[in-house]
Amino acid sequence: MDDGTFTTISLADDSADRGPAALYPKQEDELFIMNCDIDGDLENQAEMEEKTRLINQVLELQHTLEDLSARVDAVKEENLKLKSENQVLGQYIENLMSASSVFQTTDTKSKRK
């Protein structure tokens, strides 16, 4: 039964006074120890696989963050270019409107008096 507690098994050859420990011959004790090592290796392997998976996930997220950061920088640059173009176009439209008689402001109040 596996209740999470550890049992100490003596590896010394005390066959003369084994008492209740004589239930298992020495070969089976060694087999038990070898099985514990295999279980430990499997746990270590599973732990290493989990660490590798997490490392790969972190690297993937870092690359995604780098890509998103580069995209944000590109969008910022494009935004600045568009703002500059809009200012130039706005000034051009203002100049056209001021030069055109259609868009000249009329002083209707002074004419009515």
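Biologist: How many of the 113 residues of the chain count as buried?

Modeller: Buried means under 20% relative accessible area, exposed over 50%, and partly exposed in between, with a 1.4 Å probe and protein chains only. In this chain of 113 residues, 1% count as buried. The model is predicted: local features need pLDDT of at least 70, side-chain atom pairs count only at pLDDT 80 or more, and totals for chains, interfaces and linings use all residues. Residues are numbered from 1 along each chain as its sequence is written, and side-chain values use heavy atoms, leaving out hydrogens and water.

Biologist: What does the secondary structure of the chain come to?

Modeller: Helices (H or I, at least four residues) and strands (E, at least two) are DSSP runs, numbered from the N terminus. Here there are two helices and zero strands.

Biologist: How many salt bridges does the count come to?

Modeller: Side chains of opposite charge can pair when their charged atoms come close. A salt bridge is a side-chain nitrogen of Lys or Arg within 4 Å of a carboxyl oxygen of Asp or Glu. By that rule, the count is two. In one of them, Lys 51 meets Glu 47 at 3.7 Å, N to O; both residues lie in helix 1, four residues apart, about one turn of the helix. Glu 50 and Arg 53 also form a salt bridge, at 2.7 Å, N to O, and these two lie three residues apart in helix 1.

Biologist: Is Glu 50 buried or partly exposed?

Modeller: Glu 50 is partly exposed, because its relative accessibility is 38%. Arg 53, at 43%, is likewise counted as partly exposed.
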